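Open the model in your viewer and keep the selection tool ready. We will go from stop to stop, picking residues and looking at what surrounds them.

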Amino acid sequence: MKKKEMVGARTRKTITNVIVHVFLAVLSVVWLFPIFWVVLTSFRGEKGSYMSTFFPKTYTFNNYIKLFTETNVLNFPKMFANTLIIAIFSCAISTFFVLAVSYSMSRLRFKARKPLMNVALVLKLFPAFMSMIAVYYILKAMGLSEGAMIRVALILVYSGGAGIEFYIAKGFFDTIPKALDEAAYLDGATKFQVFTKITVPLSKPIIVYTVITTFIAPWVDFIFARVICRANAEYYTVALGLWKMLEKEYIDNWYTAFAAGSVCISIPIAILFVVTQRFYSSGMSGAVKG
């Protein structure tokens, strides 16, 4: 009887595993299907947004060539460069703000600590775009809404409120034993040395997470970029450029180029993820060993 029960349990476990794997495979297909379609469309030789068949009738690289050569209509290389500059600076500033605030809230104890955390939690309940009109007029009053200062304005917008995103990083810092800090203090280390020599090496996963999320924000944002850039096409980001390609006067000639542009803007994010993904696997024990 015990042998039969064991065989039955193994059979049920096998069936369950098969069902789970089939379900995950279906989800993978659903998730990958739009990406596959966009990649196919980026190589499509026929113009326009309408397709009578799923697979293109002809394939070409001209859509990618068009993106980087026909700059007199829509200057995609300029938009790409604008977004890359904004993303790099926003990422660096935002990461510093998030780590500084989260470490302070995790390790330091001061009177206004809990009220500040509660205020930050309440503010997070409201979407950021609710403040976009007020932000725009503040930037305009500071002379940051025209010309080359638009890039500075966008960097300030994306990184200015980054400190309020400290909750996730704070939760990670809370998991690092305070005994490590106390041992370092006994050896004569300062708070800054404890942060840079002990906390940061142990916090690679959350630092990578912060870097990736703050780098992606300028690539995907449309609302603030649209409000701040307005008609200044020279300072458009890729989100605005891709949106422009879908307007009625451009969509027929630029739809396939729009798909090519969608593929191109995913490359920096993919490279960043590939370069940094190994740090996700470095947990507490691995960091301590190093």
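Select F97 first. F97 sits in helix 3, which covers residues 76-107. Helices here are DSSP runs of H or I with at least four residues, strands are runs of E with at least two, and both are numbered from the N terminus. This is a predicted model, in which local features need pLDDT of at least 70 and side-chain atom pairs count only at pLDDT 80 or more, while totals for chains, interfaces and linings use all residues. Residues are numbered from 1 along each chain as its sequence is written, and side-chain values use heavy atoms, with hydrogens and water left out.

Is F97 buried, exposed or partly exposed? With a relative accessible area of 33%, F97 is partly exposed. Buried means under 20% relative accessible area, exposed means over 50%, and partly exposed lies in between (1.4 Å probe, protein chains only).

**Stop 1: a surface patch**

**Stop 2: the cores**

Go inside. In soluble globular proteins, nonpolar side chains tend to be buried together. Select L67, F76 and L154. They have the most contacts inside the largest nonpolar core, which has 38 residues. Such a core is a set of buried Ala, Val, Leu, Ile, Met, Phe, Trp, Tyr and Cys residues joined through side-chain atoms within 4.5 Å.

Helix 13 gives the most, with 7 residues.

Keep L67 selected and show its neighbours. Leaving out residues up to four places away in sequence, L67 touches F76, P77, M245, W254, A257, A260, G261 and C264. A contact means heavy atoms within 4.5 Å.

Then pick A162, F173, V194 and F195. They are among the 13 residues of a second, separate core.

**Stop 3: aromatic rings**

How many aromatic pairs does a search of the whole structure find? It finds 14. Rings of Phe, Tyr and Trp (its six-membered ring) pair if their centres lie within 6.5 Å; planes under 30 degrees apart count as stacked, over 60 as edge-to-face and the rest as tilted.

Select F43 and Y64. Their ring centres are 5.2 Å apart and their planes meet at 45°, so the pair is tilted. F43 lies in the loop between helix 1 (2-42) and helix 2, and Y64 lies in helix 2, so the pair ties together parts 21 residues apart in sequence. F43 is partly exposed at 23% relative accessibility, while Y64 is buried at 16%.

Next, select F68, F76, F80, F215 and W219. Ring pairs link them into a cluster.

**Stop 4: salt bridges**

A whole-structure search finds 4 salt bridges. Each is a side-chain nitrogen of Lys or Arg within 4 Å of a carboxyl oxygen of Asp or Glu.

Select D181, in helix 8 (residues 178-186). D181 and R107 meet in a salt bridge of 2.6 Å, N to O. R107 lies in helix 3 and D181 in helix 8, so the pair ties together parts 74 residues apart in sequence. Both residues are buried. Beyond residues up to four places away in sequence, D181 touches Y103, R107 and V194.

Move to R230 and E146. Their side chains also form a salt bridge, at 2.6 Å from N to O. R230 is in the loop between helix 11 and helix 12, and E146 is in the loop between helix 5 (132-141) and helix 6, 84 residues apart. R230 is partly exposed at 26% relative accessibility, and E146 is partly exposed at 45%.

Finish at K170, in helix 7 (residues 166-174). K170 forms a salt bridge with D174, with their closest N and O atoms 2.7 Å apart. The two are 4 residues apart in helix 7, so about one helical turn separates them. K170 is buried, at 10% relative accessible area, whereas D174 is partly exposed at 39% relative accessibility.
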